[in-house]
Every structure is written in C-alpha cells, then in structure tokens.
Amino acid sequence: MAVETEGKKRKWHGSVSGIVDSPLDKVWTIVSQSKRLSQWMPMVERCIDLVGDEGVPGYVRLVSGFMFPQQDGERSWIKERLVAMDSTSHSYVYKMEASNVGLDGSINSLKLIDYGDGSTLVNWSFEIDPLEGTLEDNIIDYLGFLYKSCINRIQGAIEDANKKVYETC
C-alpha cells in the first residue's frame, strides 16, 4: 500500500549509472530488445511479448525470473508497458503495470550517452510509490544494486553477441 502525503502520493526516486566499454550503437542494440533482456539482466529467465509491437509505445511484455525474492520461492513476474522509446536519443521508459513484487506503477527509464573513446554512459533511473512497512533507503539501495548489476553485464552481453557472429561465419 502506498503512503500518502497531504492527499498526494510522494514518489521514491533513485538512479544508477555505469560506463560500458562499447560504442553507443552496440549498447543500444543489446538494451533496446526484449529478446535480449536475459543476456544482460541475470535475474530474468523469460520475457514474453503480450500486446503490441516492440519499440512502439503501448507494447506490453511479461518479464519473469528471480528479480525479487518471493517468500514462497516462486519466480517473480512483472507486466511492463512501454511508455516511450526514442532510438535517436537512445532512451526508453517502461511502467510496471502489474506484478507479484509490489512495485505496480513504478517507472523505469534508461538513457544512453556517448561517453567518447568508444564507450557509453548508461543511466538507469526509477521512481516507485512508497511501500508501507518498507524503509525508503532499503528499497532504493536494493533496486540500485539490482540495476547496477545489470549495467555491469552489458559489456559481457555485447562480447557474447560478437562471439556468436564470428562463430557463424
């Protein structure tokens, strides 16, 4: 249940960033495709298209895996809707519409910036409704850790994709 302040829901915010030692276009190719999610998000086992076309606002996907520990040991799942995607500015925004993790209504934004010398700055920001019975710092730190671990895996996903291209030649 969200905490209300003077009739309005106050959001909790966080962000993490990291440098990937690959050019912007290669990073974008990995992070902008749902079918590649599990390559750079180690806790994601499956991503299923539900509605619409990938890359087009309104597209809905169902992501499942072990993103958030469940007391019953079951996999967590999140239904996400693409709010915006701009391949020119290399950014996108997803909203968590439903889940079994309590983060419904959360917004996740990813933006890539050319950092020079063939490297890319990845900035992942998020906002969530406050959760009753949870400390803000604890959930923001956990999400930051989770998302930073994903950023740290992008380089490996790019290298793996390059190996597969060379192996098929």
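W40, W124, F126 and Y147 form one aromatic cluster. Rings of Phe, Tyr and Trp (its six-membered ring) pair if their centres lie within 6.5 Å, with planes under 30 degrees apart counted as stacked, over 60 as edge-to-face and the rest as tilted. The model is predicted, so local features need pLDDT of at least 70 and side-chain atom pairs count only at pLDDT 80 or more, while totals for chains, interfaces and linings use all residues. Residues are numbered from 1 along each chain as its sequence is written, and side-chain values use heavy atoms, leaving out hydrogens and water.

**Aromatic pairs**

- The structure holds 5 aromatic pairs.
- One of them joins W40 and W124 in a tilted arrangement, at 5.8 Å centre to centre and 55° between the planes.
- This pair links distant parts of the chain, since W40 lies in helix α2 and W124 in strand β9, 84 residues apart; helices (H or I, at least four residues) and strands (E, at least two) are DSSP runs, numbered from the N terminus.
- Both W40 and W124 are buried, where buried means under 20% relative accessible area, exposed over 50% and partly exposed in between (1.4 Å probe, protein chains only).
- Y92 and Y94 form an edge-to-face pair, at 5.6 Å centre to centre and 80° between the planes.

**Nonpolar core**

- A nonpolar core is a set of buried Ala, Val, Leu, Ile, Met, Phe, Trp, Tyr and Cys residues joined through side-chain atoms within 4.5 Å.
- The largest such core has 42 residues, of which V31, W40 and W124 touch the most other members.
- Helix α3 (136–168) is among the elements that give two or more residues to this core, and α3 gives the most, with 11 residues.
- In α1, the residues L24, V27, W28, I30 and V31 are buried.
- Seen down the axis of α1, these buried residues fall within an arc of 165°, so they line one face of the helix; the arc is that of the directions from the helix axis to the C-beta atoms.

**S34 and its surroundings**

- S34 is placed in the loop between α1 (24–31) and α2 (37–40), and is buried, with a relative accessible area of 3%.
- Not counting residues up to four places away in sequence, S34 touches C47, E54, Y59, R61 and Y94, contact meaning heavy atoms within 4.5 Å.

**Cysteines**

- The structure holds 0 disulfides, a disulfide being a pair of cysteine sulfur atoms within 2.5 Å.
- The sulfur of C47 is 13 Å from the closest cysteine sulfur, in C150, which is too far for a bond.
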